[in-house]
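Please keep the sequence and the structure in view while reading.

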Amino acid sequence: MCKRHWDALRADYLLTENGGTVSAHGDELNVTVHVGEKGVAWRRLRVKGTPGHGSMPYGADNALVKAAHVVSRLADYRPVAVRGRAVARPSSARSTSIRRVKAALVDPSRVDEAIATLPAGMAKYAWSATHTTFSPNVCRGGVKTNVIPDVVDIEVDIRTIPGDNEDEVRRHLDKALGDLSEEVDGREALLKPASVSPTGTPLWDVLGRVVDAHYPGARLLPRMIVGLHRRAVLPRARRRRLRLRPVLAGPDGRGDGRALPRQRRARRRGVAGAHHPGLARDLRAVPRIAAGRRAAGGFGRDAERRAR
């Protein structure tokens, strides 16, 4: 669709349905906006051995035993962290201890130590947001209990941080496996690069004003998505893709934590609609968006009604 009809889909900015979580720390209010997404570089690793009878395992070239060592090394591998800009803002915390932890989270030399002090759930996210991760999750091999397997396939979920390309993934695998890397044949199973969108844009300013209208004094908190977000890919808008849940508040101005129902998503083809007129109004003030949407016939459901 993007390759054949880009003129109809072209966008300078893309606002999707994720994000928009409201959190309070003391008298400070934050609303998350997902500005980045880790990449996917899934691998299917094949380990080969020599078939034989299970009754004579001594000295056997057992592919499953070698695969077990491969899995262990991948599980134990600890890559170097990167600066976690989307994890924390050190200057926002008032407590000295919290400021110290947040400062460490954006310091590659101290981030691993800081993550170890966090609660389990927070530590999992912080680690994933600052490291390329390797999770061996599927292993297939063997045909019968009494037959030594000659082939075992291992499927590894690899999530890359921005900046880690295919060469870096191969370097990580070679370093993790060491001398076992010669025993492993790797094939790509799924590949999608990481992406990060800038925050110093007119769209970011618009989001700040709209959020402030619903939650006075709230700050936009940029955050990284560590999983794979299901959405249409608009490659040329990738550098300006932000994620904020469309329904920030109900008619009474109070927060609405509900996700947008799936059956209504298809009707929300514009960047704004009837439930958030403030966002639509402010987006019209962004020159390039306003020009494009006028050419398309307007914003959200209004445009669809005119198209009918």
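In this predicted model, Lys66 is in contact with Val47, Lys48, Gly49, Asp61 and Glu183, leaving aside its neighbours within four places in sequence. Lys66 is part of helix α2. Its relative accessibility is 15%, under the 20% limit, so Lys66 counts as buried. The side chain of Lys66 comes to 2.6 Å from the backbone oxygen of Lys48. Lys66 also forms a salt bridge with Glu183, with 3.1 Å between the closest N and O atoms. Because Glu183 is located in the loop between α6 and β9 while Lys66 belongs to helix α2, this pair ties together parts that are 117 residues apart in sequence.

**Salt bridges**

In total, the count comes to 14 salt bridges.

| Salt bridge | N to O distance |
|---|---|
| Lys192 and Glu37 | 2.6 Å |
| Glu183 and Lys66 | 3.1 Å |
| Arg159 and Asp157 | 2.6 Å |

Lys192 and Glu37 form a salt bridge that links distant parts of the chain: Lys192 is in strand β9 (residues 184-192) and Glu37 in strand β3, 155 residues apart. Both Lys192 and Glu37 are buried. Arg159 and Asp157 meet through their side chains; Arg159 counts as buried at 13% relative accessibility, and Asp157 counts as buried at 18%. Salt bridges with shared partners also join Arg43, Glu166, Asp167 and Arg170 into one network.

**Asn30 in strand β3**

Strand β3 (residues 28-37) also contains Asn30. This residue is buried, with a relative accessible area of 3%. The side chains of Asn30 and Arg219 are joined by a polar contact of 3.1 Å. Apart from its neighbours within four places in sequence, Asn30 is in contact with Thr21, Val22, Ser23, His25, Arg219 and Leu221.

**Nonpolar cores and a surface patch**

In soluble globular proteins, nonpolar side chains tend to be buried together. The largest nonpolar core here has 19 residues, and those with the most contacts inside it are Leu45, Val70, Leu74, Ile154, Val156 and Ile158. At least two residues of this core come from each of β4 (39-48), α2 (63-76), β8 (151-160) and α6 (166-177). Another core lies apart from it and has 12 residues, among them Tyr13, Val33, Val35 and Trp204.

The contacts of Ile158, leaving aside neighbours within four places in sequence, include Trp42, Phe134, Val169 and Leu173. Trp42 also belongs to a nonpolar patch on the surface, together with Leu190 and Leu228; the accessible area of these residues together is about 230 Å². Leu228 is situated in the loop between β11 (219-225) and β12 (241-243), and at 40% relative accessibility Leu228 counts as partly exposed.

**The chain as a whole**

The chain contains 11 helices and 12 strands. Of its 308 residues, 41% are buried. The chain exposes about 17700 Å², and carbon and sulfur atoms supply 52% of this area. Among contacts between residues at least 6 apart in sequence, 72% join residues at least 24 apart.

Methods
Residues are numbered from 1 along each chain as its sequence is written. This is a predicted model: local features need pLDDT of at least 70, side-chain atom pairs count only at pLDDT 80 or more; totals for chains, interfaces and linings use all residues. Side-chain values use heavy atoms; hydrogens and water are left out. Helices (H or I, at least four residues) and strands (E, at least two) are DSSP runs, numbered from the N terminus. Buried means under 20% relative accessible area, exposed over 50%, partly exposed in between (1.4 Å probe, protein chains only). A polar contact is a pair of N or O atoms within 3.5 Å; within protein, one must be able to donate a hydrogen and the other to accept it, and residues adjacent in sequence count only if both atoms are side-chain atoms. Contact means heavy atoms within 4.5 Å. A nonpolar core is a set of buried Ala, Val, Leu, Ile, Met, Phe, Trp, Tyr and Cys residues joined through side-chain atoms within 4.5 Å. Patches are made of residues with over 30% relative accessible area and no salt bridge: like charges are joined within 9 Å, nonpolar side chains (Val, Leu, Ile, Met, Phe, Trp, Tyr) within 5 Å. Accessible areas come from the Shrake-Rupley method with a 1.4 Å probe; for residues, only the protein chains shown count as cover. A salt bridge is a side-chain nitrogen of Lys or Arg within 4 Å of a carboxyl oxygen of Asp or Glu.
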